[in-house]
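Please look over the sequence and the structure shown here before reading on.

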Amino acid sequence: MAAPALLELTRLEVAYGGIHAVKGIDLIVRQGELVCLIGANGAGKTTTLKGITGLQPVKAGKIVYDGADVTGKPAFQLVRKGLSMVPEGRGVFGALTIEENLAMGAYSRRDRVAIKQDIERVFGLFPRLKERRKQTAGTLSGGEQQMLAMARAIMSRPKLLLLDEPSMGLAPLMVQKVFETILTIAAEGVTILLIEQNAKLALEVSHRGYVMESGTITLSGDARQLLSDPKVREAYLGEAV
Amino acid sequence: METFLQQIINGLTLGSVYALVALGYTMVYGIIGLINFAHGEVVMIGAMVALSVITGLLGSHASLPAVVIILAGLFVAILVCVAIAYSMEKIAYRPLRSAPRLAPLITAIGMSIVLQNVALMVWGRNYRTFPTLITPTPHIIFGAAMTDLQMLIVVLAALLMGGLVLIVQRTRLGIAMRATAQNPQVAGLMGIDINVIISAAFVIGAALAAVAGLMVMAYYGIAHYYMGFLLGLKAFTAAVLGGIGNLAGAMLGGLLLGIIEALGAGYIGDVSNVCGLSSLSDALQQKCADNDGQVSLFGSNYQDVFAFFVLILVLIFRPSGLLGERVADRA
Ligand SMILES: Nc1ncnc2c1ncn2[C@@H]1O[C@H](COP(=O)(O)OP(=O)(O)OP(=O)(O)O)[C@@H](O)[C@H]1O
Ligand SMILES: [Mg+2]
């Protein structure tokens with residue numbers, strides 16, 4: 001029996017002026033799932049997330065989150081409802097310290113004591129950040145910044161976490177660490193929509209996957225099945241079939 | 001040496017006022033990249049409102065202690081300035097947030113003209129004098145005089161700036177302001193309503209402007225509907241000098257500009273004195289003899305020129321200002 005949907009996109013269209021980047025996609029993420037959205041550069045993955053979080057106006061279609069229509073709602077209101085996003089390129093506040101970045105992650109919360117506990121908890125998860133807590137985030141390495149971006153996102157205690165290419169530009173060891181972290185967060189009950197270029201790793205950790213090509217969803221289904229799908233293997237896993 | 005110290009004291013006083021006003025420019029610029037040219041007029045409105053309330057109270061409740069009357073004037077001035085700045089942002093600037101840079105800039109100039117004309121209608125075109133509530137008693141420090149009014153201005157400005165630094169560095173609002181200044185989109189993803197943050201920047205700037213307005217008015221003893229123009233331009237210069245968008249820069253720039261101006265005004269007469277020159281015409285030699293050897297090309301009334309001289313130099317040699325890192329690439 002399938003869990004209820006936490007996020008549901010219906011014929012979602014997002015455009016930049018005349019450029020139609022997302023051309024009417026349907027996508028569903030159920031409670032407790034880890035779903036990935038893969039696709040080549042420029043497929044429209046980031047734009048999809050921008051549409052969900054109100055960073056780019058939705059042209060047509062509908063976004064339902066946690067039972068409510070949130071189409072066009074600004075990001076800051078969604079965070080208060082438990083929808084958090086780690087943007088492409090991490091988006092840490094470079095001039096703020098690590099602690100301040102984490103405090104901003106918890107901006108939508110008012111429970112000071114619990115926030116303090118959560119900071120300690122993420123420091124447990126990311127000891128590197130704890131050592132550098134008073135340092136400005138701009139001084140961190142790319143991998144550390146990604147850790148901080150994820151730590152910051154979970155500070156809001158999200159129900160749904162949107163991750164946009166968390167492994168981008170990272171060395172293999174760090175990519176490994178990022179995916180371990182994603183699994184840790186998922187294991188704590190956070191529903192995740194993961195966008196990745198690294199299709200193999202993404203499909204290996206996900207329950208289900210969607211494949212996006214120039215603004216439309218061309219394939220979707222069980223992650224293991226997608227992994228063995230000849231079309232996916234050829235186009236995204238770099239294997240000759 | 002005495003002149004030097006005296007001019008430093010005078011410069012510090014005026015510089016404190018510039019710094020308070022410059023903070024308003026720099027906070028708004030830091031967050032939305034707008035040079036709010038109407039900010040000088042907010043200072044003027046603050047001075048005018050405070051003046052009206054103070055003279056009004058002196059007429060009706062003359063028995064009240066001077067401190068109470070001044071505080072009442074300040075309080076009302078802050079309320080009015082905050083209300084004006086808040087509405088100005090909401091009505092005039094917010095709709096233009098995603099418009100090309102020039103649009104809000106021109107709107108800001110328009111707002112400054114509107115406010116000037118409102119002041120002209122309400123208070124008339126004459127200079128208004130500030131009633132002498134406090135008779136400035138000079139205290140002698142190393143041969144130079146510092147009045148208690150000057151001390152009050154410097155100390156109060158320092159306290160306010162310290163308070164602002166605490167807010168920006170330590171509080172949730174302050175951290176959110178810095179986060180928004182850095183990346184408004186990501187700030188939104190944190191749950192920060194950036195409209196609230198932008199309003200806060202305008203409101204804090206306006207409150208400081210009101211205090212500064214009362215300060216200059218008390219210092220010079222007069223207020224005028226046009227006073228915000230020059231003061232605003234100088235404070236803007238101070239903000240650019242320190243590095244616009246940078247809070248510490250605005251404070252440093254304000255104090256430095258005040259001191260540069262005062263020193264300039266104090267020495268320009270001597271520097272441009274022609275009597276020391278060798279080949280003077282007979283008429284000039286006569287004039288020197290009549291004026292105790294002091295005939296200057298430029299008098300201290302050239303004081304206002306220094307600010308703009310500084311502005312030009314900064315724009316040529318260090319456009320990012322003393323403490324600014326990034327070169328200003330916004331209008
Ligand atoms: N700000 C923008 N203005 C105009 N067009 C844009 C803008 N951002 C993206 N696009 C276009 O929209 C399309 C989709 O871009 P998007 O960033 O969503 O792709 P993506 O799938 O996230 O790619 P990548 O894997 O490289 O991040 C591309 O053709 C891109 O050129
Ligand atoms: Mg992308």
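Predicted model: local features only at pLDDT ≥ 70, side-chain atom pairs only at ≥ 80, totals over all residues.

Helices (H or I, at least four residues) and strands (E, at least two) are here DSSP runs, numbered from the N terminus. Residues are numbered from 1 along each chain as its sequence is written, chains are lettered from A and ligands numbered from 1 in the order in which they are written, and side-chain values use heavy atoms, with hydrogens and water left out.

Most residues other than glycine have a negative phi. E165(A), although not a glycine, has a positive phi of about 50°, and its relative accessible area of 7% makes it buried (buried means under 20% relative accessible area, exposed over 50%, and partly exposed in between, with a 1.4 Å probe and protein chains only). D66(A), also a residue other than glycine, has a positive phi near 50°; D66(A) sits in the loop between β4 (58-65) and β5 (68-69) of chain A and is partly exposed, with a relative accessible area of 36%.

The loop between β7 (160-164) and α7 of chain A also holds L170(A), which counts as buried at 13% relative accessibility. Among the residues that L170(A) touches are R90(A), G142(A), Q146(A) and V178(A), leaving aside those up to four places away in sequence; contact means heavy atoms within 4.5 Å. Between L170(A) and S141(A) there are 9.8 Å in space, C-alpha to C-alpha, although the two are 29 residues apart in sequence. In helix α7 (residues 172-187) of chain A lies T181(A), buried at a relative accessible area of 4% and touching F126(A), M147(A) and M150(A), again not counting residues up to four places away in sequence.

Chain A is divided into domain 1 (1-82 + 160-241) and domain 2 (92-157), with bounds that come from an automatic or database domain assignment. The C-alpha centres of these two domains of chain A lie 24 Å apart, and 14 residues of domain 1 are in contact with 13 residues of domain 2.

What lies between the two domains? A nonpolar core is a set of buried Ala, Val, Leu, Ile, Met, Phe, Trp, Tyr and Cys residues joined through side-chain atoms within 4.5 Å. The largest such core has 127 residues, and those with the most contacts inside it include L7(A), M104(A), L193(A) and Y93(B). Helix α8 (residues 194-220) of chain B gives the most to this core, with 16 residues. Domain 1 and domain 2 of chain A both give residues to this core, so it lies between them. Apart from it lies another core, of 46 residues, with I38(A), I154(A), L170(A) and L237(A) among them.

Rolling a probe the size of a water molecule over the atoms shows where empty space is left. On a 1 Å grid over the protein atoms alone, a cavity is a set of points where a 1.4 Å probe fits but cannot get out, and lining residues have an atom within 4 Å of a point. A search of the whole structure finds one cavity of 30 Å³ or more; the largest cavity has a volume of about 50 Å³, a volume being the space filled by probe spheres set on the points, which are joined across faces, edges and corners. Its lining includes G24(B), H39(B), A85(B) and F202(B), and α8(B) gives the most to this lining, with four residues.

Definitions and conventions
1 Å grid on protein atoms, 1.4 Å probe; cavity = no way out; pocket = protein on both sides within 12 Å on 5 of 7 lines; lining within 4 Å.
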